[in-house]
Amino acid sequence: MAATPQNPAAAPRRKVSRHRGEGQWAVGHFTPLNGNEQFKKDDDGLNVRTRIETIYSKRGFDSIDPNDLRGRMRWWGLYTQRKPGIDGGKTAILEPEELDDKYFMLRVRIDGGRLTTEQLRVIGEISQEFARGTADITDRQNIQLHWIRIEDVPEIWERLEAVGLSTTEACGDTPRVILGSPVAGIAEDEIIDGTPAIDEIHRRILGNKHFSNLPRKFKTAVSGSPLLDVAHEINDVAFVGVNHPEHGPGFDLWVGGGLSTNPKLGQRLGAWVPLDEVADVHVGVLSIFRDYGYRRLRTRARLKFLVADWGIEKFRQVLEDEYLKRKLVDGPAPDEPVARWRDHVGVHRQKDGRFYVGFAPRVGRVDGTTLTKIAEVAAAHGSGRLRTTVEQKMIVLDVEEGQVESLVEGLEALDLTVRPSSFRRGTMACTGIEYCKLAIVETKARGASLIDELERRIPEFDEPITINLNGCPNACARIQVADIGLKGQLVLNDQGEQVEGFQVHLGGALGLEAGFGRKVRGLKVTSDELPDYVERVLKRFQAEREDGERFATWAARASEESLS
């Protein structure tokens with residue numbers, strides 16, 4: 001039975017070295033230590049759906065209780081969006097009610113990135129009817145809509161759930177969407193198909209009140225691809241495909257990854273997990289976070305801090321002794337991926353002889369009309385399945401060889417290129433100040449215009465390069481692990497005026513030699529100067545690189561002058 005404030009006897013008792021103010025349930029500390037913990041204790045976030053359906057959607061925005069509005073409604077994928085016209089200098093100054101617009105961002109949860117053409121068509125129709133045509137593909141395989149009115153939410157849920165989709169626990173202090181390889185079950189080089197594990201994890205945790213009050217969000221990734229295509233290093237728990245020399249295909253277990261303002265890469269537990277035990281181990285790790293996670297400060301309420309304090313050996317021991325009640329099998333580390341790109345863009349043969357086709361929207365920004373047309377184009381070429389990726393891309397599956405070129409032409413007609421430039425392929429952006437209450441600068445339009453400028457200025461550049469733009473320090477767009485990571489902030493221009501700009505991180509990476517980017521002392525650029533800066537750095541890279549050298553490797557050794 002789960003440890004809860006209402007059931008303290010069920011919590012394992014352990015002596016810990018940290019002071020008694022961390023709010024860990026497992027050591028008997030159930031008194032809420034901040035407002036977030038209080039409203040979760042007062043009422044489970046999952047319960048707010050009934051009030052949305054029976055009260056708020058009928059009485060309107062002004063009827064919503066503040067603890068529901070800025071708290072529990074996240075459990076159903078709803079965040080208030082930023083009121084238009086508020087500049088980034090006021091983000092940290094204004095009260096929440098001053099930043100709130102009377103509209104919502106709604107996040108559609110897409111576990112494993114798996115969609116049918118019918119599901120995508122429905123999302124597109126919802127976008128057009130209720131979200132002013134907005135739609136963004138996120139770097140966690142979800143689709144987000146904006147301008148949602150509370151009055152329309154029940155009908156939107158009804159339409160989504162009719163085709164097997166939901167917004168349940170897409171946000172909040174919950175187990176978020178389960179990332180999965182977008183080519184699970186079809187790739188020729190796959191080590192193991194993690195789809196059954198994703199389905200079983202989903203069945204056990206989604207909407208389960210044993211796991212609906214976590215210290216903070218909990219992110220999961222499962223992939224059996226040798227490309228390591230789910231950013232496993234920056235998830236709370238990840239299962240990575242490996243071949244055990246004695247037991248065969250299974251998963252290597254990682255814990256404690258995460259970015260934001262205090263980034264940490266996940267660590268291997270050194271344990272091999274067979275496919276049919278992945279869900280058990282996942283629930284064990286999730287339960288450790290629920291019971292032992294820090295609840296006093298929101299800035300420390302992530303699993304990565306517990307892992308850092310305990311160390312891997314203790315974490316594995318607690319997992320085995322208190323939760324699994326058995327020892328895990330020791331296992332090998334995954335091989336480093338050979339491919340430099342792991343977004344699956346392009347035309348690739350499936351193991352059944354058909355093809356999958358990956359394409360690149362601009363910085364994840366699409367719209368409802370485009371989504372419905374993607375569904376129509378895919379269906380017209382024999383495919384009923386699509387996938388989203390953790391790189392803000394999308395893939396059409398199961399295309400017969402004779403249909404590939406026609407499908408590519410149909411996608412290109414929608415400005416969804418299957419053969420993108422390195423800049424189109426490698427640039428990501430978070431939501432930014434257009435809708436996000438935490439943002440300081442604009443990102444989506446800036447990222448799209450940066451792509452156009454770089455394609456015009458350096459058309460011959462064909463090296464893999466990642467350029468990630470984030471509107472604030474919270475790293476939703478993974479700035480610390482990009483070749484060029486851009487953290488939004490206000491900076492001074494040449495006239496001494498405060499304008500939108502970015503702090504620069506250089507040489508971060510996932511997969512090949514994973515690590516965080518380097519910050520050059522005092523290096524900040526205005527938004528207007530961004531194309532000039534990126535062009536300058538990339539041309540220096542071209543001039544100074546050694547044969548076959550990656551940008552991240554060069555950035556680690558380059559002089560500050562070369563990086564400025």
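Student: How many helices and strands does the protein chain have?
Tutor: Please keep in mind that this is a predicted model. The protein chain holds both kinds of element, and the count is 17 helices and 21 strands.

Student: Which radius of gyration does the protein chain have, and what does the globule rule give for its length?
Tutor: For 564 residues the globule rule gives 24 Å. The value for this chain is close to that, so the chain is as compact as a globular protein of that length. Along its principal axes, the C-alpha trace spans about 65 × 60 × 55 Å. The radius of gyration itself is 23 Å, against 24 Å from the rule.

Student: What share of the residues in the protein chain is buried?
Tutor: A residue counts as buried when its relative accessible area is under 20%. The chain exposes about 21500 Å², with carbon and sulfur atoms supplying 46% of that area. Of the 564 residues, the buried share is 62%.

Student: How far apart are the mean positions of the positive and negative charges?
Tutor: The protein chain carries 78 positive and 86 negative charges.

Student: Is Glu-535 buried or exposed, and which side chain does its own side chain meet in a polar contact?
Tutor: Glu-535 sits in helix H15, which covers residues 530-544. Its relative accessible area is 16%, and the limit for buried is under 20%, so Glu-535 is buried. Leaving aside neighbours within four places in sequence, Glu-535 is in contact with Leu-454, Arg-457 and Ile-458. Its side-chain polar contact, at 2.9 Å, is with the side chain of Lys-539.

Student: Where is Ile-123, and what is its relative accessibility?
Tutor: Ile-123 belongs to helix H5, residues 117-130. Beyond its neighbours within four places in sequence, Ile-123 has contacts that include Val-108, Leu-160 and Leu-371. Ile-123 counts as buried, with a relative accessibility of 1%.

Student: Ser-260 and Val-363 both have a positive phi although neither is a glycine; which of them is buried?
Tutor: Ser-260, with a phi of about 60°, is in the loop between strands S9 and S10. Its relative accessible area of 24% makes Ser-260 partly exposed. Val-363 has a phi of about 45° and lies in the loop between strands S13 and S14. At 1% relative accessibility, the buried one is Val-363.

Student: Which residue's side chain is joined to the side chain of Asp-343 by a polar contact of 2.8 Å?
Tutor: Asp-343 lies in the loop between strand S11 and strand S12, and at 3% relative accessibility it counts as buried. A polar atom of its side chain is 3.1 Å from the backbone nitrogen of Val-345. Leaving aside neighbours within four places in sequence, Asp-343 is in contact with residues including Thr-389, Glu-391 and Arg-425. The partner in the 2.8 Å side-chain contact is Arg-425.

Terms used: Residues are numbered from 1 along each chain as its sequence is written. This is a predicted model: local features need pLDDT of at least 70, side-chain atom pairs count only at pLDDT 80 or more; totals for chains, interfaces and linings use all residues. Side-chain values use heavy atoms; hydrogens and water are left out. Helices (H or I, at least four residues) and strands (E, at least two) are DSSP runs, numbered from the N terminus. The radius of gyration is taken over C-alpha atoms; the globule rule is 2.2 Å times the number of residues to the power 0.38. Buried means under 20% relative accessible area, exposed over 50%, partly exposed in between (1.4 Å probe, protein chains only). Accessible areas come from the Shrake-Rupley method with a 1.4 Å probe; for residues, only the protein chains shown count as cover. Lys and Arg count as positive and Asp and Glu as negative; His and the chain ends are not counted. The place of a charge is taken as NZ of Lys, CZ of Arg, CG of Asp or CD of Glu. A polar contact is a pair of N or O atoms within 3.5 Å; within protein, one must be able to donate a hydrogen and the other to accept it, and residues adjacent in sequence count only if both atoms are side-chain atoms. Contact means heavy atoms within 4.5 Å.
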